[in-house]
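Subject: Structure for your files, with notes

Dear colleague,

Here is the structure I said I would pass on. My notes come after it.

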Amino acid sequence: MNMVFVLVLLSLVLAGVAVWALFWAINKNQFDDLDSPAYSILDDDNEPHKRSPEKSEDKGQS
Amino acid sequence: MTRCFHCGETVPANVRLTARIDGRDEPMCCIGCQAVAQFLTNHDHEVFYRYRQDQLPGEQVMATSDDQWRFLDAPEVFDSLTRDAGDGYRQVTIKVEGMYCSACGWLLQKVIQDLDGIKDLQINTVTQNLQLVFDPQIITLSDVFARISALGYQPRQHQQLGSAADDDRKSQLKRIAVAGFGMMFIMTLAVPLYSPEQFTVAPHIQRFFLMISLLIATVVYFYSGQVFVSNAIRDLRNRHLGMDVPVALSISLAYFVSLYLSFKQQGHVYFDSMTMFVFFLLLGRFVESQVRHKGMNVRDSLFALIPVSAHQLQADGSEKTIPLEQVSKGQQIIVKNGEVIPCDGRVLRGEGQVDEALLTGESRAINKSTDHLVFAGSTLIGGQLVLETTANNEHSFLARLAELMERAQSQKPRSLQLVDQLASYFVGTVLLLAAATATWYLLYQPSGLMTALLAVLIATCPCALSLATPTALTAAGIRMLKDGILVNNTEAITQLAPIDHWFFDKTGTLSNEQLSIARQLVLNPHDNLPDITTTLQHISNHPIASAFAEGQLLPCSAAEEFPGLGVKATIEQRHWMMGSRDWFDQHGIDTEQLQADPQHTVVYLACDGQLIGAYELTVQVRDGAQDLLEHLKAAGKSLTILSGDQPDTVNNWAQKLGTDQALGGLSATDKINHLAAKQQKHRCVMVGDGVNDAPVLSQADVSVSLKQGAHLAHSASDLIILGQSLGPLKAALATSQKTQRIIKQNLSWSLLYNLSITPVAMMGLLAPWMAAIGMSLSSLLVVLNSRRLLGQQEV
């Protein structure tokens, strides 16, 4: 029967982790814009560096 | 009518954009769409730039110089706008006006990300914010701004990072999260607690479960539930019975009684009911608050218009750039040609023309010279002024205006006020009933007291009633946004459909702003006339120039514009001139030989002093206008055109569009008087273009404006059409009707529920958890019913 204590406390810790994760996500503005990130999958190039013209031509063929 | 290949919008008459897709030139409605199409068909940005000089359909690309943003690089300004992001990087938030769809966001993402020195870029198309982490060693802030404005968007500096509304929303979400997890946890533990006979073998487990529930309930009560308690206390101080009073009473009662009982080890605890109640109520509140924040943030968009720095004139005559916060009353400020005036002031020296369209709706520039007052937010078009500031920044005319408008926006719509009042009576009744129930049980059946009391307090809480209207309005607002209409005042949603009298402005509303060539009269045929006219008109930024965008630009020299008269240039060694009849008469060129129709605007063209031809220009009916007017007419509405234009022209238009009445030659005051006269007996809708119609718009019961021009004028109108077509209004009308129906359904359902559940709860037949479920389900039903407004709806 003592297992119940352990499991309940464990689940309490898990719930705490879940709440913490949610708080983190809220603070990181994850819930601010729910529309446009859906389109980010269409964005095939997330490199912050400048592409050379040849490279972009290559990309054009793909 | 041509449709844009990319987005399906109608291509405006003067836009000749195409994109090569699968070997065919497809029409494009705007540069944004075109650029996206180009990217999709695997080109780079070059093509996009070639078309950049063309006018954008939505808003014209303002003449920008790269120097325009130089002030951003001044160290004080730079520091106030950006913040440190580690490793020498700086972070900045830029508000980008004109970014409405994901395609725009995508384009900006592409172009800005390709600049050197950009580390990270976040674009939020909903809030129109662009968050940028960059290396100031490689790229300057002004370069980024210049690039954004080159794409046709208007970047605005965003001073505060994170607004109050944003924080509010975040803490609401957190409270919901805590209440939600707490609720789930306590529910799990509550299942065994409901059958206490199982614990006869192991009473210590029951005790353990109770303590865990107590722990979680304490967190939920003090973290999530505290808003209700503090709101209730505030309400009571203001002697107002708000919805929060019974809520706070019931959760406090449930919590403290359960606390007492769980230590006393007897009786039933109500932690589960309490957390569930808190969770569902918070959820409902969240939905409701989203409605109110939906409106535009007036203060932000107004203040984004003022520059963040000013040129202060030092005592020794030198100039110093200082951040706006440091500007105070009595300082001397220099404003140069083309700059936005940063603060209210009196002109000390110099003169110039000031555009106050933003503040007054007056689109003509006003001459200002010594001792005249100028206001923050207006633009200096010509000349240079030295001002003595007359107010601190936070007391400027613009700030007062923003305050007034914020107050107007924060006022609840009348329909909601009514419901609030009703709910307040309801709350009073609930409290009386609860007291009566408590007394009765105390006297006759003390064991059932808590159950019945909590059930009455929870089950009869008029939550569904208070959700009925706001949820429907939110849903309708979102629906309208999808259709291309921004709702500024939610009350207008339900009012739109029943109003029978519609008034339209003509210029810029029923008609397009762009001119098109109605007839060409060519006397002496000449090669490539379209190219020549385009080149000539490119010199000018007069609205007439929009009619001549067909041809290619040719190299020209000695280009000169004579404002109000015409343009002159030398192309291929020949002297061309193009302009008004008066101007040609002055130059001794006989225009009589061409029989041009004086009804139209006529532009003459001459080469080396020889008349070549003339162009009759006409304005076109705005896309969707004809359709909308027919639809309204079929619905039995009375339609009137109010215009400042010539009565003849207005009558022509009335015949063409089939309106009932048309009044021309009206000043803004005449329009207001006419509208006011009609309002004695009827309610009126006014559709205007928002710039010079701002006063008339505010007079109307429901006002609709087009997304163009002054930002302030938009705030005066209830509904804002985002696109170029009047078509969305037709959809809005249907949404309005449906919203009314849904609000009626919601209200009758919630009243029915509350009236029928009260006696049951008073009889003690309802356990508190049942009451909580009943309350939540009734609210849920209301929310789901409102959600129907979002669904697909054929007009």
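The notes below cover a sheet, the helices on it, one further helix and a helix pair, all in chain B. Please keep in mind that this is a predicted model.

The sheet

Seven strands of chain B make up an open sheet of mixed pairing, in the order β17-β29-β28-β27-β18-β25-β26. The edge positions belong to β17 (485-487) and β26 (661-663) of chain B; each has a single partner strand, so one side of each is left without a neighbour in the sheet. From one strand to the next the twist averages 20°.

Within this sheet, β27 (residues 684-688) and β28 (residues 702-706) of chain B run parallel and are joined by 4 bridges. One pairing to look at is that of B:Val687, whose bridge partner in β28(B) is B:Val704.

Helices on the sheet

Helix α23 (residues 668-679) of chain B packs on the sheet, where it touches β18, β25, β26 and β27 of chain B. The direction of α23(B) makes about 155° with that of β27(B). α22(B) lies across β25 and β26 of chain B and runs at about 160° to β26(B).

Helix α21

In α21 (residues 625-634) of chain B, the buried residues include B:Ala625, B:Leu628, B:Leu629 and B:Leu632. These four are on the same side of α21(B), because they cover an arc of only 95° around the axis.

What do the buried residues of α21(B) pack against? Their partners in chain B are the strands β18 (501-505), β24 (610-621) and β25 (638-642), and the helices α18 (506-510), α22 (647-657) and α26 (728-762). After α21(B) comes B:Gly636, with a positive phi near 80°.

The α9/α15 pair

Helix α9 (residues 244-264) and helix α15 (residues 449-459) of chain B pack with their axes 9 Å apart, at an angle of about 150°. Angles over 145 degrees count as roughly antiparallel, and α9(B) and α15(B) are therefore roughly antiparallel to each other. Their crossing is left-handed.

On the α9(B) side, the contact is made by B:Pro246, B:Leu249, B:Ser250, B:Leu253, B:Ala254 and B:Val257. α15(B) contributes B:Met450, B:Leu454, B:Leu457 and B:Ile458. α15(B) is mostly covered, with 10 of its 11 residues buried; among them are B:Met450, B:Leu454, B:Leu457 and B:Ile458.

Regards

Terms used: Residues numbered from 1 in each chain as written. Chains lettered and ligands numbered in written order. Predicted model: local features only at pLDDT ≥ 70, side-chain atom pairs only at ≥ 80, totals over all residues. Buried ≥ 20, exposed ≤ 12 C-beta atoms within 10 Å, placed from the backbone. Helix = DSSP H or I, 4+ residues; strand = E, 2+ residues; numbered from the N terminus. Arc of directions from axis to C-beta. Contact = placed C-beta atoms within 7 Å. Pairing = 2+ DSSP bridges. Axes fitted to C-alpha atoms, helices over the stretch in contact; angles between N-to-C directions. Parallel < 35°, antiparallel > 145°, perpendicular 65-115°, else oblique. Left-handed = near helix turned anticlockwise from the far one by under 90°.
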